Each structure stands twice: as C-alpha cells, then as structure tokens.
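Me: I am new to this structure and would like to learn how to read its helices, one feature at a time. Could we go slowly, with the general idea before each case?

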Amino acid sequence: MQPLSEGERAAIEEAIARAERQTSGEIVVMVTRASARYFAIGVLWAALIALIVPLPLILFTNWPVEQIYAAQLAVFALALALILWDPLRFALVPKSVKHAEAHKRAVEEFLAQNLHTTKGRTGLLIYVSFAEHFAGLVADNAIDKKVSQETWEEVIRELTDYLRRGEYEKGLTSSVEACGKLLAKHFPPGRKNADQLPNHLILRDIR
C-alpha cells in the first residue's frame, strides 16, 4: 500500500511536529488500505448464491440430482473465486459493517500505539482506512472532556471531503493542524514539552 508519496509522508510528519510544538498533547496519524479482510462475509455470499442454483434447475430441467449437485458446487467455487477479488468482496460488505470494523480497528490501534498512556491523557489518533472509505478520530479522556463531539465531527467531515477528492496529503495535514489548534487551546505546551511518542505517520497494510 503506497497511497502517499515519500514527499507527502514527510509533509504530514512535519505537520504533526508543528502541531505538537504548540501543545502538550500527542497526535498520531495512521493510514491503512483496509481494516479487515471480510473473508467470512465473502464465503457467506458465495454460499447464498450456490443455494439458489438448485431451484431453477429442478423447476425447468430434467437434470438428475447428481448433475444439479455438481452444478451447485461449481457455482459455489466460481463465486468464491470471484469474491477473493478485494474490490468485489469489499463492495458486498454493508457500509455499516465496514464502518463498525474500521472504528473497532481505530480503537485497537489507539491502545496499541500507547496513546492511552500519555501524561495527562492527551493522546489523539487520526485514523484513515481506504477500503472502508472511513476517517475517524479517537481521543483520550482528558481531550473528550474539553472538546465536543460536534467539533470532532466537523474535523472529520473536512478530512473526508479531501479524501473523497483524492487530496490525501492536504486532507491529513489540514486535520492535523485543526487538531493541533484545538489541543493548543486546551492543553498548552509545558515547560519541557517533551514528545512522548514519535511524530511519524504510520502506514498499515491489510491484516
């Protein structure tokens, strides 16, 4: 997965560094091609398609049971092979399921990156998953107490608009800057303001 060029990644990392100089909060940006493979849903679709096969053959042909069964197996194998193609499989997954899976993965990554262990509980994760067309934000307790959900939704709405247009770097740097300003307002930098986490963009491929 290389949706971002080396120059774009460097620009996003620099935006993170600039934002964190203005606040004691910690910002991590993660971009992934997909949050899950959805193979189980693909197999379910293949099975459902195969289950439909016998009925028209029974009603409109004189095929023996053995041939009908063989046709059903062949359709299942073909459907399964087609569903192994990522774009088709992802298209068959309901939007609500994809967004729920992406949100779950975002929360898991928030914990995996130790954002819940920052001093002052001021960790923030910006998470983008392309296959699910999902952009989300996970903030620790101290931030949620200061910033309203409506404010975060506006940040994500703007980021989503950029991503929809294919302006990945601009969208991510803009969202980092917006989050940095919000954190600076409520969590100004301390005397030392030492970074607790790296200022790099994290790219993840599908698991």
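Reply: Let us begin with a cut-off: angles under 35 degrees between axes count as roughly parallel, and angles over 145 as roughly antiparallel. Please keep in mind that this is a predicted model.

Me: How is the packing of two helices described, and at what angle do the axes of H1 and H9 cross?

Reply: In general, two packed helices are described by the angle between their axes and the distance between the axes. Here the axes of helix H1 (residues 6-20) and helix H9 (residues 168-186) come within 9 Å and cross at roughly 5°, and H1 and H9 are therefore roughly parallel to each other.

Me: Which residues of H1 and H9 meet?

Reply: From H1 the contact takes in Glu8, Ala11, Ile12, Ala15, Ile16, Arg18 and Ala19, and these meet Glu169, Leu172, Thr173, Val176, Glu177 and Gly180 in H9.

Me: How should I read the pattern of buried residues along a helix, and which residues of H2 are buried?

Reply: The general idea is that an α-helix has 3.6 residues a turn, so residues three or four places apart point the same way. In helix H2 (residues 39-52), the buried residues are Gly42, Ala46 and Ala50. Seen down the axis of H2, these buried residues fall within an arc of 75°, so they line one face of the helix. On the other side of H2, Ala40, Leu51 and Ile52 are exposed, while the cover over the buried residues of H2 includes helix H3 (54-60), helix H4 (65-83) and H5.

Me: What does the length of helix H6 tell me, and where do its buried residues fall?

Reply: Helix H6 (residues 95-112) has 18 residues and spans 25 Å from its first C-alpha to its last, which is close to the 26 Å expected at 1.5 Å a residue. Its buried residues are Lys98, Ala102, Arg105, Ala106, Glu109 and Phe110, and, viewed down the axis of H6, they fall within an arc of 145°, so they line one face of the helix.

Me: Which elements do the buried residues of H6 pack against?

Reply: They pack against strand E1 (26-32), helix H5 (86-92), strand E2 (123-129), strand E3 (134-139) and strand E4 (201-204). H6 is then followed by Asn114, whose phi is positive, near 60°.

Terms used
Residues are numbered from 1 along each chain as its sequence is written. This is a predicted model: local features need pLDDT of at least 70, side-chain atom pairs count only at pLDDT 80 or more; totals for chains, interfaces and linings use all residues. Side-chain values use heavy atoms; hydrogens and water are left out. Axes are lines fitted to C-alpha atoms, for helices over the stretch in contact, and angles run from 0 to 180 degrees between N-to-C directions. Helices (H or I, at least four residues) and strands (E, at least two) are DSSP runs, numbered from the N terminus. Angles under 35 degrees count as roughly parallel, over 145 as roughly antiparallel, 65 to 115 as roughly perpendicular and the rest as oblique. Contact means heavy atoms within 4.5 Å. The expected span of a helix is 1.5 Å times one less than its number of residues. Buried means under 20% relative accessible area, exposed over 50%, partly exposed in between (1.4 Å probe, protein chains only). The arc is that of the directions from the helix axis to the C-beta atoms.
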